[in-house]
Amino acid sequence: AVVYMRLRGDINAFIRRNKAGLVILTVFFLTDIVYLLNTTANVPIMDYWRYGDEFLDEIYNGGIKFSTFWESINGQRAVLTYFLFLINVKIFHWNTRVAVFFGAFVTGLTGLLLLKIMDADPDSEVRRPDLWLKNLTILGIIMVLFNYVQWEIKTIEFSAPFSVITFFIVLNMWLADRILNNLEMENEKVLWFAVLLGVCICFIYSAFFPAVVGAICICGAIQFFSDYKKDKFRYIGKYLITGSGIAGAAFIYLRGITGVVSSDANLTVFGQNIVNGEFARGLAIYLGSSILHTSFAEKLGFPIIIVTGSVVGILYILAICYCMKYRARMKSFFPLMLMLYTLLSALLLLYGRGNVFGPEYLCSSRYACQSRIGLTGILLVFREMMGEGKKVTRLSFLAKVLVPCFIISGMILSQMTEFRLSPFRRLTYDTMIEYIYDIDNKEDEDLSVFQANTPSQVRNTIESMKKYRLGIFYYLPADGRYDQLYGETE
């Protein structure tokens, strides 16, 4: 009873301190639900046709094993994605919209976690003149979190795993930051953190785990070497526990991994791209497409994305320099970890994708899931900017206002653009459903709309969906004549 009362009191206090933030989060969450209701349909797309082709018969005939999910594809393991697919198939009869709305729900939880992190010092009172600046930052962070630049992920079944990945990136970086700022913490708690991070490396983060680990390790190294004169090896046990967990999990994940599909001379091409400027161009495209919708590149060309990305890149430089120079004032590595994650993800993408498909490929909306995380870090840094002199204070005030307004303006433009396009996406998904019903009369080239690896994956999966009453065939009559769904007769 005492624990319950204390928890209830903490929750009520949190709500009182964060009313505006909770209202903003609720508004954008509900807006996202309306968007998804109007945009999505119950139809598989992309890699999920391969999952259906490979796994459905195994799932319904007792043959699915952990080793099946652990198998690497294209040099990465997708255990989380496969597991969520299994749950959707067994419990919800493979309703892809369930996964989409689950993703929105988890994104809302991530928003709550970010509000909790920003509320890390509940005893401090925000001065009323600064309250609107705090709420402006929160508005920017929530808009970035529900970023409609990433429509490609939001509207399909990948929404579920990607939202879970984002949640655990934020959670693990927050926990790592708490340890770095309280190295007196018991080794048992550090061990539990190492276990959680190891589990995430093996089963959740997939190919992006080096970016998460790299961001945490860089901040850990900064803390260790900056305090070395004072602490020496006093807290080395904490670093060894975490490092051992990371190394062990990375070994388990990478051992036996196969199927890397990329250039035969990746390092050479990557080096050439750095020298000839393609790397910088790809990075600018990646950062610019974190704010601007991909349709801007189609209408106005890539220069608008590159210019925007260059501005965002300058903000990264300023924010990282501020974190390094005023580390004691910041009192947190969390924003720096978020920014480093996005930049390290850019390296992975430029090496693994940019080398093969060119830098323009990084304008794909799916990669906004990685780049949005760094924008959150930038907003948190500029929120903390403060000065000691009148002139500096004015500059910091302008920074606190202009940076969120710049990011929010991009979010608004992208959101308006996506809302105009969303009805056409729904038409595309509805057309795909019609193709599924009429699959026997479709040529292989007609099936490219499903974005599957091969037409046979689509055809085989549709047969399995009929066989096991999945997806749009859940209400299939017992005699298997799906035309009866529309009241038609032969």
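Predicted model: local features only at pLDDT ≥ 70, side-chain atom pairs only at ≥ 80, totals over all residues.
Student: How many cavities of 30 Å³ or more does the count give?

Tutor: Rolling a probe the size of a water molecule over the atoms shows where empty space is left. A cavity is a set of points where a 1.4 Å probe fits but cannot get out. By this rule, the cavities of 30 Å³ or more number six.

Student: Which element gives the largest share of the lining of the largest cavity?

Tutor: The largest cavity holds about 120 Å³ of space. Of the 16 residues that line this cavity, the closest to its centre are Gly103, Thr107, Gln150, Lys154 and Ser159. Two or more lining residues come from each of α2 (19-39), α6 (96-118), α8 (151-154), α9 (159-180) and α20. The largest share, four residues, is that of α6.

Student: Which class has eight residues in the lining of the largest cavity?

Tutor: The charged residues of this lining number three, and the polar ones five. The class with eight is nonpolar.

Student: Which element gives the most to the lining of the second largest cavity?

Tutor: About 70 Å³ of space lies in the second largest cavity. Its lining includes Thr110, Leu114, Arg372, Ile373 and Thr376, and by class divides into six nonpolar, three polar and one charged. At least two lining residues come from each of α6, α7 (128-145), α9 and α20. With three residues, the element that gives the most is α20.

Student: How far apart are the end C-alpha atoms of helix α20, and what span should its residues cover?

Tutor: Helix α20 runs over residues 368-384, which makes 17 residues. The expected span is 1.5 Å times one less than the number of residues, so these residues should span 24 Å. That agrees with the distance between the end C-alpha atoms, 25 Å.

Student: How many residues of α20 are buried?

Tutor: Buried means under 20% relative accessible area. Helix α20 is mostly covered, and of its 17 residues the buried ones number 15.

Student: Is Phe85 buried or exposed?

Tutor: Phe85 sits in helix α5 (residues 79-92). Its relative accessibility is 1%, and the limit for a buried residue is under 20%. Phe85 therefore counts as buried.

Student: What distance separates the C-alpha atoms of Phe85 and Ala160?

Tutor: Leaving out residues up to four places away in sequence, Phe85 touches Glu157, and also Tyr48, Tyr51 and Trp94 among others. Phe85 and Ala160 are 75 residues apart along the chain. The separation of their C-alpha atoms is 9.2 Å.

Conventions:
Residues numbered from 1 in each chain as written. Heavy atoms only, no water. Buried < 20%, exposed > 50% of the residue type's maximum accessible area, 1.4 Å probe, protein only. 1 Å grid on protein atoms, 1.4 Å probe; cavity = no way out; pocket = protein on both sides within 12 Å on 5 of 7 lines; lining within 4 Å. Points joined across faces, edges and corners; volume = space filled by probe spheres on them. Nonpolar A, V, L, I, M, F, W, Y, C, P; charged D, E, K, R; others polar. Contact = heavy atoms within 4.5 Å.
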